[in-house]
Amino acid sequence: MDGSQSRSAAAHSADPGTSVLRRSGESQPIPLNLILDYPVFWSKYKVLRDFVQNFYDAVGHQTWASQFHWEICGDALRLFAADVGFSYDWLIHIGASTKRDSEGQYAGYFGEGFKIASLCAIRDYHWRVELASRDWELEVTTSRVSLDGRSSATLSYLVWKRAIPRSDTVLSLSPISPGDRGLLEAVLMSFYFEDNSLFGEKIWSSDEAAIFRRSNRRKPNGYPVTWDDHGDGIVFAGYQALGSFGFPLVICLHTHRTQDRERNTLYRMDVIKLVRRVVELVPPGTASRLLEMLSTLWYRYPRKRYDFDSWYDIIKTLVSRVARCPEQTRLFNKKYPNLLVASQVRRRDIVSRNKRCQALAWKRQAPARFRLVQDSFQKLGYPTLEEVCEKNNGFPVLRELQGREVELAGLLMEAANELFPGFFGSACLPPCRIIQSKTSVWKGMAECVPVDRPRDNPQGAQIRYRLPYVALKAYLFAPGMWSESFSTYLHELSHVFGGDHSANFSHALTNLLDVVLRGVQVLVGYEKRWDALFIDDTAANADAAIPQSAHHSP
């Protein structure tokens, strides 16, 4: 088992249940005034943990591996703390604790662990509990007391004096089953000490906190976990494992104290708060390293206004810590040169949403492989997605129609009015413009402005936006491009119903296809008229090339 050294039991051939104490003389009974049916119920894990906790606090995590050990003799578990002794007076009074005035240095705090653990041990699990230190030995038992004429059982100690004081402290629990031995492994590994086999490489430590990598060793059965986040990561709070998360790290906050004595594990939001408190303490170099290990969270934002499960603030804190050091900032920028900041866009900010969609479309076809990160990365000097898109002419630059484009756009509007009268909510369709940016990804675009009162068109589709204009790329206004131009034009007009991913928009396109399939002959006519405009241009250009004298008869 981990966390301590187990002595061989061969030299201790005690019979099962035999006392480990060498008693002599008369015992001194001491009632604790702790009624046996006191309504507190601890699991075996918690009972064992609180017994071990008393040894842990007496020894300290620095020398835990060398001063503490345990052994199994028959069916008895014995815990030893070398060179440690104390008076049993501290075990009598509820709330009495030597640790109360030394906050942040011990796992225990309330001064009731041994008493309540002993109560549950003998009442619920029928264990024999014996303890010896200095010049005394005791066994936990029960006695009767009279309360207003009624007899009740209370927890008591039988105490013997030793003629020769001992230099260590020993606790014996019996009878221990094979299952209890497995549980002991989880208990011992749930305390903080650097030789804990669940710990890997130490990343950073201070008097207040510490961070380790997780080792490859699996957590034993019964190990404390956060109920909705059973990850490999471990959170130690006040020197005890109380939570888990999904990253291969061990995060320890030694100064953590809880006022909830019944809380055995942390909720996910408590884990996040504790991790944030720890990362607020780390130097820039450590923050940079942790930031890399949490890279999957770089582009996570809170899902709602009050999102207690979000790691957003942890990443923000780490970025701020890195930004404090110019050298660490330079090294991070060099290692990750293609990060782009994409702040959250409000749902109602239509202009910003349109720009974001355009910028994302540009990013998908950009020669460099950019990666989006949260807004805090601007502290490290990273530009925004929109800034880089604009610098590379990724946004559509619009101009008015010119020359033959006016007639061609007129054909598009005429065909839409003939085939889809009233379908787009108005007899007057929005004007056309030209996207002249060659690096822009979109073939067409429309600016969507929410209407005050959505209304239905004759087919029952709800019109939610008005379009100040519809813009198409210039290359669409060319011979043989009627079909692509008209389909792009209809796609953009359909944004009066919603965005590309909305169900309303999808239903509108389905209705459009139905009408188009029924009006194929009409479209063929428009296609001929479209191409005829370019034939006229070709003839005019040919006439211009003939010498003037050739126009006269001989």
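Predicted model: local features only at pLDDT ≥ 70, side-chain atom pairs only at ≥ 80, totals over all residues.
Five strands make up an open sheet with mixed pairing, in the order β9-β10-β13-β11-β12. Its edges are β9 (199-205) and β12 (240-245), each of which pairs on one side only. On average, neighbouring strands are turned by 25° against each other, with direction ignored. Strands β11 and β12 run antiparallel and are joined by 5 bridges. Val235, for instance, has Gly243 in β12 as its bridge partner. Helix α6 (residues 284-293) packs on this sheet. The helix touches β9, β10 and β13 (249-253), and its direction makes about 135° with that of β9.

Helix α4 spans residues 178-188. Its buried residues are Asp180, Leu183, Leu184, Ala186, Val187 and Leu188. These buried residues pack against three elements: α1 (44-59), β3 (68-73) and β4 (76-81).

The surface carries a nonpolar patch formed by Trp227, Tyr267, Met269, Tyr306 and Phe308. Together, these residues have about 620 Å² of accessible area. Trp227 sits in the loop between β10 (209-214) and β11 (233-237). Trp227 counts as exposed because its relative accessibility is 62%, and the cut-off for exposed is over 50%.

Charged side chains were examined next. Side chains of opposite charge can pair when their charged atoms come close. A search of the whole structure finds 25 salt bridges. One of them joins Arg433 and Glu400, with an N to O distance of 3.7 Å. This pair links distant parts of the chain, 33 residues apart. Arg433 belongs to strand β17 (residues 432-435), whereas Glu400 lies in the loop between β16 (398-399) and α11 (405-419). Arg433 is partly exposed, at 28% relative accessible area. Glu400 is exposed, at 51%.

Arg404 and Glu407 form another salt bridge, and their closest N and O atoms are 2.2 Å apart. Both partners count as partly exposed: Arg404 has 26% relative accessibility, and Glu407 has 38%.

A further salt bridge brings together the side chains of Asp514 and Arg518, at 3.4 Å from N to O. The two residues are 4 apart in helix α13 (residues 503-518), so about one helical turn separates them. Asp514 is partly exposed, with a relative accessible area of 39%, while Arg518 is exposed at 69%. Finally, Arg128, Glu130 and Glu139 are linked in a network of salt bridges.

Technical notes: Residues numbered from 1 in each chain as written. Heavy atoms only, no water. Patch = residues over 30% accessible without salt bridge, like charges linked within 9 Å, V, L, I, M, F, W, Y side chains within 5 Å. Areas by Shrake-Rupley, 256 points an atom, 1.4 Å probe, with all protein chains shown as cover. Salt bridge = Lys/Arg side-chain N within 4 Å of Asp/Glu carboxyl O. Buried < 20%, exposed > 50% of the residue type's maximum accessible area, 1.4 Å probe, protein only. Contact = heavy atoms within 4.5 Å. Pairing = 2+ DSSP bridges. Axes fitted to C-alpha atoms, helices over the stretch in contact; angles between N-to-C directions.
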